[in-house]
Amino acid sequence: MRETDILREATDYVRDIFKEDHTGHDFFHTMRVCKMARRIAEEEKADLFLVSLAALLHDVDDRKLSPETWEKKEKAVAFMRSQEVSESTIHAVCTILEEVSFAGTDSVVPSSMEGKCVQDADRIDALGAIGIARAFAYGGSHNRAIHDPGIKPKDNMGKEEYHKHISTTVNHFQEKLFCLKEQMHTKTGMEMAGHREQYMKDYLDEFMKEWDGIL
Ligand code: ADP
Ligand code: NI
């Protein structure tokens, strides 16, 4: 079947692109997002092909990872054209990719149910035990401090400020990760985010007790 072939090719394409990533956006992140997005899509009765293709391609033109192709989603579009994906599907995927990223108070509610499935899945992967590992991997790869009590977290940042802001990884929990639960769009997203956020809060409590020498 043509759609299955395209998804298999897309999987090979992203495996190659992300094989060297150590910023928390490796191939396994993309595969987890794809699996989770499909699970949500089944519950929400969304278009499984569109959700899968957008999930597989959601990070290839990410603003931080590929700033030179980010604006026009050039890699994703070139890949889809190489697979003779219809122009209407390419357009629908690009809309999902434009809407997926967290951008502080300028974050967008995706305009389609398919976009909501992908955004919820991507954000679920930023939470919980895996979310903790990814945050510290990202922080380390960007030379950010683990924690510095002299640097306070900053709330309610807009898109440009959020992208320029230099902070610590522990602050990132408050600046972004603890905002995600409220921004989930689907029932599965809300349930999973609730569980994973609680796990992260318990972790941070433990972290602070160790920091303060109480434990
Ligand atoms: P989105 O997929 O919404 O664009 P990001 O790509 O910014 O989100 O985030 C992906 C992963 O990188 C998440 O696990 C997130 O916690 C981590 N991350 C992003 N920015 C930071 C940061 N400043 N400090 C620590 N981790 C970060
Ligand atoms: Ni992602």
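## Aromatic residues

Trp 211 is partly exposed, with 43% relative accessible area; buried stands for under 20%, exposed for over 50% and partly exposed for the range between, using a 1.4 Å probe and protein chains only. The model is predicted: local features need pLDDT of at least 70, side-chain atom pairs count only at pLDDT 80 or more, and totals for chains, interfaces and linings use all residues. Residues are numbered from 1 along each chain as its sequence is written, chains are lettered from A and ligands numbered from 1 in the order in which they are written, and side-chain values use heavy atoms, with hydrogens and water left out.

The aromatic pairs number nine. Rings of Phe, Tyr and Trp (its six-membered ring) pair if their centres lie within 6.5 Å; planes under 30 degrees apart are stacked, over 60 edge-to-face, and the rest tilted. One stacked pair joins Tyr 13 and Phe 79, with 4.8 Å from centre to centre and 20° between the planes. This pair links distant parts of the chain, 66 residues apart: Tyr 13 is in helix α1 (residues 2-17) and Phe 79 in helix α4. Helices (H or I, at least four residues) and strands (E, at least two) are DSSP runs numbered from the N terminus. Tyr 13 is partly exposed at 23% relative accessible area, whereas Phe 79 is buried at 7%.

Phe 207 and Trp 211 form a stacked pair, with centres 5.9 Å apart and 15° between the planes. Both belong to helix α10 (residues 187-211) and are four residues apart, about one turn of the helix. Phe 207 counts as buried at 15% relative accessibility. One aromatic cluster takes in Phe 207 and Trp 211 together with Phe 136, Phe 173, Phe 178 and Tyr 203.

## Nickel site

The nickel ion (ligand 2) has His 29 (NE2), His 58 (NE2), Asp 59 (OD) and Asp 122 (OD) as protein donors, at 2.1 to 2.6 Å. Donors are N, O and S atoms within 2.8 Å of the metal (3.2 Å for Na, K and Ca); water is not among the atoms, so sites may look incomplete. His 29 in helix α2 (residues 27-44) and His 58 in the loop between α3 (48-57) and α4 (74-82) are 29 residues apart and link distant parts of the chain. Both His 29 and His 58 are buried. The spacing of the donor residues in sequence is H-x28-H-D-x62-D.

The arrangement of the four donor atoms is irregular because their angles run from 82 to 170°. Four donors count as tetrahedral if all angles lie between 85 and 135 degrees; four count as square planar and six as octahedral if opposite donors are over 155 degrees apart and all others between 65 and 115; anything else is irregular.

## Ligand 1

Around ligand 1 there are 14 residues, of which Lys 64, Ser 101, Asp 122, Arg 144 and Lys 176 come nearest; a residue is near if one of its heavy atoms lies within 4 Å. Oxygen atoms of ligand 1 lie 2.6 Å from a side-chain N or O atom of Ser 101, 2.8 Å from a polar side-chain atom of His 25 and 3.3 Å from a side-chain N or O atom of Arg 134. Taken alone, ligand 1 exposes 540 Å², and the protein buries 95% of that; accessible areas come from the Shrake-Rupley method with a 1.4 Å probe.

## Two further residues

Leu 57 lies in helix α3 and is buried, at 0% relative accessible area. Met 157, in the loop between α7 (128-141) and α8 (159-164), is buried at 4%.

Notes. Polar contact = N/O pair within 3.5 Å; in protein donor to acceptor, adjacent residues only side chain to side chain.
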